[in-house]
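Have a look at the structure first, then read on.

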Amino acid sequence: MTLDELRIEIDAADRELLAALAKRTAVARKIGEVKKLEGKPVYDKAREEKKLESLKNQAADEIKPYVEEFYNTVFDVSRKHQEKPLFAVLGQHLPHTYSPAIHNIFTSDYTYTIIEKEPEELDALFNSGAYGGFNVTIPYKREAAARCDVLEKDAEDCNSVNTVVFGKDGKTYGYNTDIFGFCFMLTSAGIDPKGKKCLVLGHGGAASAVGYGLNKMGAADIKFSDLYEEINYENVYDVCADAEVIINCTPVGMFPKVDNQVVDLSRFTKCDSFADVVYNPSRTKLLQQAKSLGMKTAGGLTMLVAQAYKSYKFFIGDNEGADKITPEAGEMIKKVVTTLENRMMNITLIGMPGCGKSTLAKEIARLTGRELIDLDEAYSEEYGESPSTTITQKGEDAFRANETKLASKYLPESGRILSTGGGIVTRDENYFWLRNNSRIIYVKRPLDVLASEDRPLTARDGVEKLYAQRKDRYEGLADITVDVAKKEDKAAFLSEAIDILRKEGFEL
Ligand code: PRE
């Protein structure tokens, strides 16, 4: 084997090692949590000695001489992790929370875990003494407010606490950073509700924080609509016909039922700004409609990250920093939003047939461990024939109808790398699916390097004609263009494409 080949193997082994270390550290965090709850010390000498003995016995002969040295470091890491202050997000059911990921990007000063509790377990939790504090999500924001000794103004006014800190003075402090998160989301998108007529879709917990935030920012009028209320989704177009700013606080459009919207924004002819508190998918159906109508738009991930930032400041005891958010803090929030978007959204490659989408997708999957979906291959699996067979035997329309069904199946998921068929951009209805939860990357290559075997549309129309039809669509859809003019080998193409994506903030 060559050095390069061996290095590919050792890189793969390291990826497995890192994954195993992440898994082990997460378990160590949970053990640390139990120890805190049970009042046990972190260091357990007897346990470490016993483990070391057993690990030496289990180890392959080649690594036996290194086990002690290696595991002394591993135990040390576990203990350091367990000794850190512990914070958490508290809710009833939290299978998809982004909060640990966000707090782990902001800081390594504390560890952050997930607590799922039933209402009758809350008293014991608040009295446990194991946590430095927590974020609180539905349905416990009121319950949390009731258990705090001191409430900051926003929290008291809304009777809603999303951030609890157990102070060194023995008192329990309650804050509401959702309001800051919401105001930050609007401001950073250039949306100013001052003096404007605002419509809030939904009337639950999120809507009340949003209403409070709009009021704080000087909105002239705030109306709420909901299914069975005075203002509902039938009369809202009349009662709120002059709404200028609309905020979606309903779960409609949220993953997995992404192909839904609670109102038709085109019927609010005075509306120039729209924000959605939904953050998964990244671009909801309403948000996409707002964009296409030329409105200013803001997506819910910014609110989520901004409220987490302010909580993080309270968690580390920097109350002054939490109250005065500097421009640098704003930059940090935006950077975390981009990092998370890059991580959570799909990377979806578009471009001419034969431009190297599949090759690049494979490489990204190899580098990141992302699940790879090659829509051409998925097509053959789903329909039992290749795209080119359907096109030749049943016509392009039959193929496109199947392709859209596939797009709706695979594109709303998160964190994948997808390679699409070159012509997916030719159907308007695919735009919604492509934009739903993907960073769209246009792989642009010189026409004379495009591969052309088994490509019936290229054979029929010629590559220039296809390109002329599709060029504007690729460019209009692209969030990022990977423009690789090089005509050399595959390795040169891949290395340049990967460099471009790294510069765009992708963790590859
Ligand atoms: C662990 C860490 C610290 C203890 O001193 C012993 C072992 C480890 O990393 O294996 C885990 C742990 O906390 C435990 O088993 O009690």
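Is Y442 buried or exposed? Y442 is buried, at a relative accessible area of 2%; buried means under 20%, exposed over 50%, and partly exposed in between, using a 1.4 Å probe and protein chains only.

## Ground rules

This is a predicted model, so to speak of local features here takes pLDDT of at least 70, and side-chain atom pairs count only at pLDDT 80 or more, while totals for chains, interfaces and linings use all residues. Residues are numbered from 1 along each chain as its sequence is written, and side-chain values use heavy atoms, with hydrogens and water left out.

## Ring pairs

Searching the whole structure turns up 20 aromatic pairs. To pair, rings of Phe, Tyr and Trp (its six-membered ring) need centres within 6.5 Å; planes under 30 degrees apart are stacked, over 60 edge-to-face, and the rest tilted. Because F106 lies in helix α4 (residues 99-106) and Y309 in helix α12 (residues 300-315), the pair ties together parts 203 residues apart in sequence. Helices (H or I, at least four residues) and strands (E, at least two) are DSSP runs, numbered from the N terminus. F106 is buried at 6% relative accessible area, and Y309 is buried at 5%.

Back to Y442, whose partner is Y474: with centres 5.1 Å apart and planes at 20°, the pair is stacked. This one also links distant parts of the chain, with Y442 in strand β15 (residues 438-444) and Y474 in helix α21 (residues 463-477), 32 residues apart. Y474 is buried too, at 0% relative accessibility.

## A cluster and two arginines

F126, Y131, F134 and F166 make up one aromatic cluster. Over the ring of F126 sits the charged end of R147, 5.9 Å from the ring centre. That label needs NZ of Lys or CZ of Arg within 6 Å of the ring centre and within 35 degrees of the ring normal. R267 does likewise with Y237, its charged end 3.7 Å from the ring centre.

Where are the cis peptide bonds? I138 and P139 are joined by one, with omega about 10°, and P139 is in the loop between β3 (133-136) and α6 (141-146). Another joins F255 and P256, with omega about 5°; P256 is in the loop between β9 (245-248) and β10 (273-276).

N159 isn't a glycine, yet its phi is positive, near 50°. N159 belongs to the loop between α7 (153-158) and β5 (163-166) and is partly exposed, at 38% relative accessible area.
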